[in-house]
Amino acid sequence: MRRISANLFFLPLLLLTNSCSAQKRSPAYTLPPMPVKETKQLGFISDPSTFPEVKMDFPMAPGPFEPNWQSIDKNYPGEPAWWRDAKFGVFIHWGPQAAGKSGDWYARRLYEQDLDAYKNHVKSFGHPSEFGYKDVLHQWNPSQWDPAKLVQAYYDAGFRYALVVGVHHDNYDLWNSRYHPWNSVQVGPKKDFLARWKKELNKHNMRFGVAFHHEYTWWWYQTAFGSDSAGPKAGVPYDGNLTLADGKGKWWQGLDPKLLYTIPLGYKPVDSTGKPYKLHLIAHGYQGIFGNHLDYAKWYATQWAMRIEDVIDQYDPDFIYTDGNSTQPFSGYKSGSGIKCDAGPRVVAHFYNKAMANKHKPFDKLSIVKFLPTNRGAGTTFEGRYSPTIKTDQPWMADMAVGDWFYQPGFYYDAGMVVRALLEHVSRDGNLTLCVSLTPEGAMDEGSAAMLKAIGAWMKINGEGIYGSKAWKILGEGEQVINSKTKESKLKTLPGGKLGKQHADFTFSTKDFRFTQGKNGAIYAYCLTVPQPGEVITIKSFGSAAKLLERKIRSVSLLGSKEQLQWEQVPEGLTITYPNVNTSRFAVAFKIDLESSPVTGYRSP
């Protein structure tokens, strides 16, 4: 690629022209300049319901999908078959924030003096007034990153799709971005990570998704504008306060820091009890519209959207994901605070309309919006938790991390906890998208590599009842425990949250099962532990008294074993004598085939 001179680098139009000519891409939209002066000063609006939704005007592909959730629900052709076939994916939640070896949110926390991320940063790089996150980007060199080797390991582990972070809250695009100069082709490693990931995923017929986490960067990054409150550097501004002019003669000459760190906002909001809170904590149960920055908010939402559309247009992902803890991007609530606009559904409509216009391929796209309410045309998520019941009213996935969302030493690796988490989700009709963090250098450490090999060995034996499966009539059976909050009895379930030692140490008995129904019509009963040879186990849901089976059982087999099982269907359940075999670790699967004729007098529950 022809290199852009540093002093012109920040000019969007020149960047777009250069990128287009080099990549032979379609003509780009010219992003308007960032506003330097606001037209209104309305203050902090604590009740977003009083603020009308802004209708955005950035480009979108024409077609049947209009920029609202009702149109997306109405016109969506249906969940693509590949999504159900895959069931298990890897969340490649990786980027320069791994350089801090401090877990998630390093780019923000390195500016919070009392946190370990700050202390680790000072020790590894220096004080954030002198060496901030922009400098982390500049020096980031993932020298061990081998996407071919990694994707092969992911495929061998049983993953059938990958969700790759395109941009996290750190506001650094991991592709050849047309709308943002702080990207991996121009700053740091000079690599187009999305292009390389997709190339390798295609070789294995693994579906390719891209995750976007930059919606709320503009308030998330407010810590970069602060300073130490104590110590020898007390009061010395962090590097988020630098301006374009400050870069003269430095490596970042021509790069505007405010395009990375955004702008200082200066609000001092209070909660419902009148207690002040810091703006960068607004997502933790708060809300509001930034009434003094509405022009900037519209510009930011436009840039947010055009960066996603850029990936859609350049890389043609199979699915996209937007992060947040509100009901949709830019809702005015929690992570959607700041503005209320229709940028979210407008981007999804662009994605779907563009796919509809491609007559050479059947429509097979999916959008996932974290925590989106029920919508047939867009999926939702359960991060670190489980759907309380079987959920079939929209596509959904669970996103769970082993250890944390970005790397740090000391993660606890265990294949069994991942297998059981997978079974918790597929029995509820969902997919599991698992984050296994890569090191700053772009490799797997020994623990994660060994864990993935063990998961892959289990999936080769037991994946038959997972790939392409759907939920059965009930999700499972087993020990009942008392909910500490509601005091009601509920099914014992693997704990939620980031996967670690407590999940590995969590025990199930041979009474605990999760059910799926395969593409072949068989029912699969996964015992969440491995029975002892000769042990007689009983699956109550398959007994004639339960009246859940409309046909008699024809055969029962153990996946991975050719042993003929001793079994009997009685009113109390299906009893199985476990054979003296060593077919599988962690959990075992019984395949239940039914006779072709229905049971006389059967009544559907």
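**A tour from core to sheet**

Select tyrosine 154: it touches Val90, Ile92, Phe159, Trp197, Met206, Leu438, Met444 and Leu452, leaving aside residues up to four places away in sequence. Touching, or contact, means heavy atoms within 4.5 Å. This is a predicted model, where local features need pLDDT of at least 70, side-chain atom pairs count only at pLDDT 80 or more, and totals for chains, interfaces and linings use all residues. Residues are numbered from 1 along each chain as its sequence is written, and side-chain values use heavy atoms, without hydrogens and water.

Next, the largest nonpolar core. A nonpolar core is a set of buried Ala, Val, Leu, Ile, Met, Phe, Trp, Tyr and Cys residues joined through side-chain atoms within 4.5 Å. Buried means under 20% relative accessible area (1.4 Å probe, protein chains only). Of its 148 residues, Tyr133, Tyr154, Trp197 and Trp219 touch the most other members. Select helix H11 (residues 294-315), which gives the most to this core: twelve residues. Apart from it lies another core of 23 residues, including Phe515, Cys527, Ile539 and Leu594.

Now go to the sheet. Helices (H or I, at least four residues) and strands (E, at least two) are DSSP runs, numbered from the N terminus. Three strands form an open sheet in the order E16-E19-E18, paired antiparallel. Strands E16 (536-539) and E18 (566-570) each have a single partner strand, so one side of each lacks a neighbour in the sheet. Two strands pair if DSSP finds at least two bridges between them. Four bridges join E16 to E19; valine 536 stands opposite threonine 577.

Notes:
Buried < 20%, exposed > 50% of the residue type's maximum accessible area, 1.4 Å probe, protein only.
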